[in-house]
Protein chains: 4
Amino acid sequence: MSSTERRFVISLGCPDRTGIVSRVSGFLAEHGGWILEAGHHTDPTTGWFFTRQEVRADSLPFGLAELRERFAEVAAELGDEAEWQIHDTAEKRRAVILVSREGHCLHDLLGRIGSGELDVDLRAVIGNHPELGPITEAHGIPFHHVPFGSAPEAKAEAFEQVRELVEAHDPQAIVLARFMQVLPAELCQRWSGRAINIHHSFLPSFAGARPYHQAYERGVKLIGATCHYVTAELDAGPIIEQDVIRVDHTDDVPDMVRKGRDIEKLVLARGLRSHLEHRVLVHGKRTVVF
Amino acid sequence: MSSTERRFVISLGCPDRTGIVSRVSGFLAEHGGWILEAGHHTDPTTGWFFTRQEVRADSLPFGLAELRERFAEVAAELGDEAEWQIHDTAEKRRAVILVSREGHCLHDLLGRIGSGELDVDLRAVIGNHPELGPITEAHGIPFHHVPFGSAPEAKAEAFEQVRELVEAHDPQAIVLARFMQVLPAELCQRWSGRAINIHHSFLPSFAGARPYHQAYERGVKLIGATCHYVTAELDAGPIIEQDVIRVDHTDDVPDMVRKGRDIEKLVLARGLRSHLEHRVLVHGKRTVVF
Amino acid sequence: MSSTERRFVISLGCPDRTGIVSRVSGFLAEHGGWILEAGHHTDPTTGWFFTRQEVRADSLPFGLAELRERFAEVAAELGDEAEWQIHDTAEKRRAVILVSREGHCLHDLLGRIGSGELDVDLRAVIGNHPELGPITEAHGIPFHHVPFGSAPEAKAEAFEQVRELVEAHDPQAIVLARFMQVLPAELCQRWSGRAINIHHSFLPSFAGARPYHQAYERGVKLIGATCHYVTAELDAGPIIEQDVIRVDHTDDVPDMVRKGRDIEKLVLARGLRSHLEHRVLVHGKRTVVF
Amino acid sequence: MSSTERRFVISLGCPDRTGIVSRVSGFLAEHGGWILEAGHHTDPTTGWFFTRQEVRADSLPFGLAELRERFAEVAAELGDEAEWQIHDTAEKRRAVILVSREGHCLHDLLGRIGSGELDVDLRAVIGNHPELGPITEAHGIPFHHVPFGSAPEAKAEAFEQVRELVEAHDPQAIVLARFMQVLPAELCQRWSGRAINIHHSFLPSFAGARPYHQAYERGVKLIGATCHYVTAELDAGPIIEQDVIRVDHTDDVPDMVRKGRDIEKLVLARGLRSHLEHRVLVHGKRTVVF
């Protein structure tokens, strides 16, 4: 559902037991909370319960701060392990995009942001090559060119510069839109749960470099793309979204690259949207996407 | 989730207002009800609220009859228009299948029932042609051949015979598995919400006769199938499930028939499964499929 | 296959008979023609034969003009009804795009053209509203705003102006990228085989206005888009490409509009690409897309 | 196209050079050969040319034996490496199916064969468990139960018995329909190009045992199936066909197993059909599927 009213988005994960839904919905009902969308899920393997609720902000008699205070009491009853967040849709999320030379994902995101389809405050685009500067600036977004040398120290310095540029905006989403550089473990840690990558294969197949070449060599009949959270282990983070497209023997590597781009764009846009709407709850290596 | 424990399945539709989820989940929590799966949905166009809950039967201190009694009190608070049902997964649903000469959907359903994938008590198969008798009986299911004349009275008599054969089993599902005969309005009415048809097109395109020929003539690039509840208006009942498959200029009508069969089988099996698991809530011409 | 060498693209349709492939390929072999891609198809319903061949330009001892002269002799042997064309991939095709207010298809095409993925000389974008002017001009493409009144004469005048603007470029492709105005029959006729529309439904379902609203009302489980040649009969021209995306009860009309846009963009881009590469052969209401 | 006339199917692979299509089609035209379907493909990586032609048998003035003799002369001109085959659609292909306990693929194939959709002479079904005997025999097909011990020698003896049972029929297709036993290298070699396996994952992801468990652990958003030729390297043979289906966080392993079965059935049926119609040309690890 595509609500436009201001909402509070509550997400919660905790060990499953009887009465959680009742406790949470009872708390909301008690204060007149009008639930616009509600999702519940229990993972039978881990015994973990997940919920996400969208409540009309104007149906509650208090604001975000007090909602958080009061909800903290509810969550406290659900055990020490309970993890929860409450977001206000009136607070626009900030994003920074990292790119290299290939522009299709960036073009796509700029178009979606420009048309209002993707509701995010894009603060900056950072490229290790200068090529995508003009299109970025044509959309009124600042572009920073940070050249990456190949020597380890040059790289480390460049990453330090990227880190500063990114963190100046305190973004909720750091999007690696075909960035083509492996993030150092320290940045994976700092940006955990906020850094989102698009990998141009259907993971776990064809992790690492040149996945379309790998796919061609193996002779697969479908190629895909994967949007996932970045973790220290390359291309192994929790998956948010995936999709595929059919190829056949008439498709050589450049054809795969071309067809694959359409899937990369779609998968990244869907994954980022889910992330921005707080629909993704991570538990171990798996995600719940409400 | 594919639970195997005995569950009570509660489904409810009523005008939306604040506190319904709280009231329903509070009722369940009060009695220790362990919710295995819960779905909620509000239709913003009609202002109607829908929910479906699966509760472990052994988590409640009472049985089906008392649950129904007690839940009736809860539902009464939700307004006169509220419609609800509670099913017990321990009570196997009964089904009757109507067929003509084409056997692919019947074969598929028999295979799924035989392997235990589709949990239903298939009481009889009724055919207006005798061809599918042997395979039906090889699976241990009674087969009735009811010949349909072309004269209106002969047809009416045949339908009367079908009605009796069907209703002898009081089935929760009456499956038209490529039956190729238009049900009289009176039967559509009697079997409302229980008669399920598979139509071999992506409705509303190509309703009526010879949909693959229509699709070929129009030159579409995808063909499909639609599983829907049967209503008096031909091929216009509420849709439960649809899917499509790609075709191109190399596919003539027999190719479309062949490729389409695979989609018909899948779509009917998925639609029937949702119906049998009480996942389908109908509201006007639209369905909520939890 | 994604060749980058200069090629001659031969397409031919004629009544089927023995020896056509041999005659055409024999002609090419005789002159040393190196075939990079070849497609053949016989339509069993109409008895019509279609072929499309890509030949390396540098493998033939003559140029386009002489190839056409010599091929005319071959085609003459295949009967009076034979229709054929030869295109030179070195001659860039010219296109004009017509838009209204919705920019997603235009954004997508501009991105593909800008990155070199779609090889076309976009000469102008014409809008009946001014909104898409700035983004068009940011890509270095001229934009013409032609306001459309609602009175019949005002509309006729506006179309006359559009006609002049379009025909000044003698384009091989006139793309209605969500133009939202019905072309007059005379323009359909003049631009036959060159005017390409994207309709936001899976035709023949939901032709005409507000297809997503129609789809929502009908409760379909998949929505789609159709790229077709424009003919005088609204939304009934030969289909080049179609695709669909799954929706469910949680999707209201704005959700369908949003999800549908992704399919519209893809389907239009694929259809236009096939058209520009001379892959589409029209026969009656159907297309062969090699 | 779904022809029912008797046809000769010519397939050829050889190093690419100018004039091959002309030579082959010229040979056919010279004798009045009526081509019903023709496919050509050049692999730009390996420089290898592939073609497959279906010719109406009654359009040629000679039979299969003479066609082979005469075509041998044509092929000889195309170099020593040329590999070719000619099949007669009047000669029904023989198949043997190997199964274990899971019946969904067997059920599906029996249904397709019984309805005439899949045109093959199924000579026997061999199971390492007895469960699928009755359904096989209900379709009038002999069933052989060959128990497999767990000791290496018992296994070797069982495989020797399977080999004898299979080779007694000299089958063109040996179908491992969820056989769950790894073929010894020697049988892979003997049955090269004839043994077809269905693996229940989207290879190369999740090769080996329990692929749905692997998929669940990794948290992928699509699961798939792969039909491939059996080679000595486990799950690494040339891929004939693949497909996928969407899953989400609500699907546990049993749900994946159930949804995956539908894809396994489809992918195996499509792959086997392509094999039986001589549409699959293998070159290294990749396939051309006309």
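Predicted model: local features only at pLDDT ≥ 70, side-chain atom pairs only at ≥ 80, totals over all residues.
Residues are numbered from 1 along each chain as its sequence is written, chains are lettered from A and ligands numbered from 1 in the order in which they are written, and side-chain values use heavy atoms, with hydrogens and water left out.

I will take the pair of chain D and chain A to begin with. Here 37 residues of chain D are in contact with 37 residues of chain A, where contact means heavy atoms within 4.5 Å. Between them the two chains bury about 3100 Å², 52% of it on carbon and sulfur atoms; buried area is the accessible area (1.4 Å probe) that two parts lose on being put together, summed over both. Of the area that chain D buries against chain A, 25% is supplied by D:R218, D:H249 and D:R286, which is more than any other three residues supply.

A salt bridge joins the side chains of D:D243 and A:R246, at 3.5 Å from N to O.

Which elements of chain D each supply at least two residues of the side that touches chain A? They are β2 (35–43), α7 (211–218), β11 (239–246) and β13 (286–289), and the largest share, 7 residues, comes from β11(D). By class, that side of chain D has 15 nonpolar, 9 polar and 13 charged residues, where Ala, Val, Leu, Ile, Met, Phe, Trp, Tyr, Cys and Pro count as nonpolar, Asp, Glu, Lys and Arg as charged, and the others, Gly among them, as polar.

How are these two copies related? A rotation of 180° with 0.0 Å of shift along its axis superposes chain D on chain A, with an RMSD of 0.0 Å, and the two copies are therefore related as by a two-fold rotation axis. The superposition is by least squares on the C-alpha atoms of residues with pLDDT of at least 70 in both copies. Of the residues of chain D, D:S205 comes closest to this axis, with its C-alpha at 2.5 Å, and the same surface serves both copies, since 100% of the contact residues of chain D recur in chain A.Now to the pair of chain B and chain D, where 22 residues of chain B are in contact with 22 residues of chain D. These two chains bury about 1700 Å² between them, 45% of it on carbon and sulfur atoms. The count between chain B and chain D is 6 salt bridges, and D:D262 forms a salt bridge with B:R112, the closest N and O atoms being 2.8 Å apart. For polar contacts, the count between chain B and chain D is 2 residue pairs, both residues being at pLDDT 80 or more.

On the side of chain B that touches chain D, the elements giving two or more residues are α3 (104–114), α4 (133–138) and α8 (253–276), and α8(B) gives the most, with 9 residues. By class, this side of chain B has 6 nonpolar, 5 polar and 11 charged residues.

Chain B is superposed on chain D by a rotation of 180° with 0.0 Å of shift along its axis, at an RMSD of 0.0 Å. B:A138 is the residue of chain B that comes closest to that rotation axis, at 3.3 Å for its C-alpha. Because 100% of the interface residues of chain B are also interface residues in chain D, the copies meet through the same surface.

Finally, a word on the backbone. A cis peptide bond joins A:L203 and A:P204, with omega about 10°, and A:P204 lies in the loop between β9 (195–199) and α7 (211–218) of chain A. A:R210, in the loop between β9 and α7 of chain A, has a positive phi of about 50° although it is not a glycine. In chain C, the peptide bond from C:L203 to C:P204 is cis, with omega near 10°.

Methods. Salt bridge = Lys/Arg side-chain N within 4 Å of Asp/Glu carboxyl O. Helix = DSSP H or I, 4+ residues; strand = E, 2+ residues; numbered from the N terminus. Polar contact = N/O pair within 3.5 Å; in protein donor to acceptor, adjacent residues only side chain to side chain.
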